[in-house]
Amino acid sequence: MRLTVAGAGAWGTALAITFCARHHTTLWARDAHAARRLATIRENQRYLPGCRLPEALNIEADFSAAIAETDLLILAVPLAGLRPLLRRLRDLHYAGPLLWVCKGLESETACLPHQIVNEELAGTGASGDGRYGVLSGPSFAQEVARGLPTALTLAANTLAFAQQTAAVLHSPHLRIYANSDLVGAEVGGAVKNVIAIAAGISDGLGFGHNARAALITRGLAEIARLGMALGGQPETFMGLTGMGDLLLTCTGDLSRNRRVGLALAAGKKLPEILADLGHVAEGVNTAQALIRLAERLAVEMPITQAVDAILNHDKPAVDTVAQLLQRNPKTEAL
């Protein structure tokens, strides 16, 4: 199969390295200078230092050339870049199968990625024949690029496409499971980043392992409440894109969103944190959109509200967490 991975950040580069072992793979880099450098030194020094690009991996800066003869296109850009890239696809009349790997909600519209895809590609083959979906789950790019064992979910709006594509991309080191709950998979991927910021704040304030476990558990309840209100299936939230991704992002030292929380707990301001991070932390942009969506659906999300208050309303982390802990007790249910 001929694959094109559009986006040469850490995750796109890691996937390209992995898929290149079994498929003819092209990695598209938006910046021509960056593309030439990748092709020359065979390493993504900015986003994935220390991981060599295989000689067989084709590097391309021309987007139309990158997608011209591909059998499967994987969009590996941050969520903010998804809509502009889809518009380029529409202008180029792309009508092939499509996957994306971004997680979150669009800041302005509170749309999930598949809703953006439907809006931008309505009437084209990629939107109209069911051949599209999301590749998601507990995964750090650095570990995937190194060939360490990882399990992901490929969720599509038709189970047949999910099963067919998962089988093609599956390998001993990158196990891919098929799922038809596109909404559930995307909600899990979006909300877990916000919960991870809360977990980082909790750890940074020294609240201990008990508090972190409580945050993860109640965070999973928030994911499930919102996901089911949007039509997601309950079992999805106990799987890789729900519990699995949440556990990794809340506890792993490579988690960018957790690192944001740790820095907030240390008293740093958000602009400084993001500048130091050097990568996109999707939970920062997602929190406010999640609040709007939850209010529209009358879904209670207290942890997400607390994170939004710290990120977007300049509330002190210590005071906000204290208020969260002082909430009245309830029965344990979703």
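Residues are numbered from 1 along each chain as its sequence is written. In this predicted model, local features need pLDDT of at least 70, side-chain atom pairs count only at pLDDT 80 or more, totals for chains, interfaces and linings use all residues, and side-chain values use heavy atoms, with hydrogens and water left out.

Aspartate 245 lies in helix H11, residues 240–251 (helices are DSSP runs of H or I, at least four residues, numbered from the N terminus). Aspartate 245 counts as buried because its relative accessibility is 1% (buried means under 20% relative accessible area, with a 1.4 Å probe and protein chains only). Residues up to four places away in sequence aside, aspartate 245 touches Lys103, Ser136, Gly137, Pro138, Ser139, Gly189, Lys192 and Leu240 (contact means heavy atoms within 4.5 Å). The side chains of aspartate 245 and lysine 103 form a polar contact of 2.7 Å (a pair of N or O atoms within 3.5 Å; within protein, one must be able to donate a hydrogen and the other to accept it, and residues adjacent in sequence count only if both atoms are side-chain atoms).

Serine 255 sits in the loop between H11 and helix H12 (256–265). Serine 255 is also buried, at 2% relative accessibility. Beyond its neighbours within four places in sequence, serine 255 contacts Phe140, Ala196 and Thr249. Its side chain reaches the backbone oxygen of threonine 249 at 2.8 Å.

Key. Helices (H or I, at least four residues) and strands (E, at least two) are DSSP runs, numbered from the N terminus. Buried means under 20% relative accessible area, exposed over 50%, partly exposed in between (1.4 Å probe, protein chains only).
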